Amino acid sequence: MNKRKFSPRGKVWGKIKNNRLALLGASVILVLSLMAILGPMLTPFGPEEQSISERLLAPHSKHICGTDELGRDVFSRMLSGARVSLSVGFIAVIISSCIGIIIGAAAGYYGGRIDSVLMRFVDIMLSIPTLFLILILSVYLGPSIINVMVIIGLTGWMDLSRLIRAEFLSLKKREYVLAARVCGASDARIIFKHILPNALAPVFVSVIFGVGGAILAESGLSFLGLGVQPPDASWGSILASGKDYIERAWWMTVYPGLAIFITIMAYNLLGEGLRDALDPRLVE
Amino acid sequence: MIDTLLKISKLSIEFLLPEGSLKAVDGINLSVRKKETVCIVGESGSGKTVTALAIMRLIPKPGIISSGEIFFNGENILKIPENKMMQLRGASISMVFQEPFNSLNPVFRVSDQIGESVELHIGLKGLAKEQKILEVLKLVGIQDEKRVYNSYPHELSGGMRQRVMIAMGLVSNPSLLIADEPTTALDVTIQSQILDLLAELKEKLSLSVLLITHDLGVVNEIGDSVYVMYAGKIMEKGNKSEIFNNPKHPYTEGLLKSVPDLGPVKRRLYTIEGNIPNLKELPNGCRFHPRCPYAMEICKKQTPVETKFSSQHSAWCFRYQGGEEQNG
């Protein structure tokens, strides 16, 4: 009889452990992250190393994903692209989670006029097509990887803020919040120390889905030339340069496309598994 | 009056609803002396809890204190700024709630729950803080304080949790402990343990206790003086023996008769007919008259005033007022 089994944390882990798809997603994410971190150690070629004599070579033992129009190794470029994509994913989600949590918490906790104003702002943000907003902002701010992170972060917090608001609306009425106030705790202390830890379940799920979404958005932007700039590589920009050679060199589009597909899929599987595990209404 | 710790005078609390304002508490006077246990007794909805929250200045919206004064240690706490009030809460006035499971944050260990008060009001950190927490856990009668120190609320029983709540309230050495139905959610044996604990702590820490309850058994066990509240007004007040042995107000009488007695005595349990009135449709005159077995004509028209029976014992009922005074 181990005690962990009965703790909420143990229960969540138990449910994830039995969800094969979520485990698959988690291991894919782990492998991808390791590959991104180890990057240069896994390949003899630098991502920007050109070799005119070896242009557009099909995949073979030396270049396992072939080479591009400048004779660069596609696998090496994808590894360095993975760093870009994954870091954009994480940093954008950190930005959007912070905004989402603060706005949602303030709206749910204070209620009244503050709530109305903040939630109408959310409605406005949601009614602007995100891709449009991203395009306009990135043209305005100029293409750079930092801008991409900030832009994706600034446009992706609305759903989370609604979730957090809903959690706060119900949690703020709990007696332990009153008990904390009776102990002399300030509003900030109650929001961040007493209520937020109880509202974190949806945040975890939204963060996992958010990383996938942000990677997808970054690929799209880079594909359109608004993300990372050459000679730096990201999955989207490799895809973009490959589309001109799609008839002669399928490997330049198929491999980065697969990388994007597998990554997003992995995050979605893990996200769904986590959501099922954290939702107390779903009992097996 | 140097030994009066808490003095409430003419306190009224209103809830401002869209359809009009509801007076949940109507001009009550109450005082708690040092080292005294004062009980407020009444049915659900009579305004007991709101009164307690008013002392903390934590009345939930849209409620407001529409008039009256609350003096704590001679200072009108309705007039002090919010940040000073925040220092008072939990430090000089503590509160314990009815449902110990809901009052403990499920994500905190006991050490963090109590530690919060220690940090906020005593300013201890690290080892000194741990010492203080273990000390207060021991004080509230927890034997294996080391295990409880590291436990989450869901790992503790109801009685244990209530002890932890009391420990949370007492760690900063308050002079007034407000206990809002502290034993209602507990079973009878645990209930009497908690009451014994409160009585013991009161002596040890020279604490004043304001106990809110609907259970006259609880009052009998630890009360010094009693206030009987009905629909936002005080009906009768007095010390315990006066209230129990010589109840004057028909409502107090009814409450005492509706306590079931143990043993072989067979009688039908008395009930007070009807329900507590809706605050939206308060009856004219004495608020209790529709349920009162002795109701007279005058009760429907006028509000009774205080009749004193001793220095402490008073009731608000026309039965003890000369009819002629009222007609004039």
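**Close-up 1. B:S314 and the residues around B:S314.** Leave out neighbours up to four places away in sequence, and B:S314 still has contacts (heavy atoms within 4.5 Å) with B:E236, B:K237, B:E306, B:T307, B:K308 and B:F309. This serine is part of strand β12 of chain B, residues 314-316. B:S314 counts as buried because its relative accessibility is 1%. The cut-offs are under 20% relative accessible area for buried, over 50% for exposed and partly exposed in between, with a 1.4 Å probe and protein chains only.

A quick note on reading all of these views: the model is predicted, so local features need pLDDT of at least 70 and side-chain atom pairs count only at pLDDT 80 or more, while totals for chains, interfaces and linings use all residues. Residues are numbered from 1 along each chain as its sequence is written, chains are lettered from A and ligands numbered from 1 in the order in which they are written, and side-chain values use heavy atoms, with hydrogens and water left out.

**Close-up 2. B:S12 in strand β1 of chain B.** Here's another serine, this one in the strand that covers residues 4-17. With 4% relative accessibility, B:S12 counts as buried. Its side chain reaches the backbone nitrogen of B:G27 at 2.9 Å.

Close-up 3. Start with the peptide bond from B:K61 to B:P62, which is cis, with omega near 0 degrees. Next comes B:K35, a residue other than glycine with a positive phi, near 60 degrees.

**Close-up 4. Inside the largest nonpolar core.** A nonpolar core is a set of buried Ala, Val, Leu, Ile, Met, Phe, Trp, Tyr and Cys residues joined through side-chain atoms within 4.5 Å. The largest one has 92 residues, and B:I114, B:L137 and B:L210 have the most contacts inside it. Helix α6 of chain B (residues 158-170) gives the largest share of this core, seven residues. Apart from this core lies another, of 44 residues, including A:A36, A:F75, A:A82 and A:V88. Zoom in on B:L210: leaving out residues up to four places away in sequence, this leucine touches B:L6, B:L30, B:V32, B:V38, B:I40, B:I55, B:L176, B:L177, B:I178 and B:A179.

**Close-up 5. A:L221 in helix α10 of chain A.** The helix spans residues 200-223, and A:L221 is buried at 2% relative accessibility. A:L135 is 86 residues away from A:L221 in sequence, yet the two C-alpha atoms are 7.8 Å apart. Setting aside residues up to four places away in sequence, A:L221 touches A:I134, A:L135, A:S138, A:V148, A:L226 and A:G227.

**Close-up 6. Where chain B meets chain A.** On the chain B side, 29 residues are in contact with 20 residues of chain A. The buried area (the accessible area, with a 1.4 Å probe, that two parts lose on being put together, summed over both) is about 1900 Å², and carbon and sulfur atoms give 61% of it. B:L58, B:F97 and B:E116 supply 24% of the area that chain B buries against chain A, more than any other three residues. There are two salt bridges between the chains, each a side-chain nitrogen of Lys or Arg within 4 Å of a carboxyl oxygen of Asp or Glu. B:E119 forms a salt bridge with A:R189, with the closest N and O atoms 3.6 Å apart.

Key. Helices (H or I, at least four residues) and strands (E, at least two) are DSSP runs, numbered from the N terminus. A polar contact is a pair of N or O atoms within 3.5 Å; within protein, one must be able to donate a hydrogen and the other to accept it, and residues adjacent in sequence count only if both atoms are side-chain atoms.
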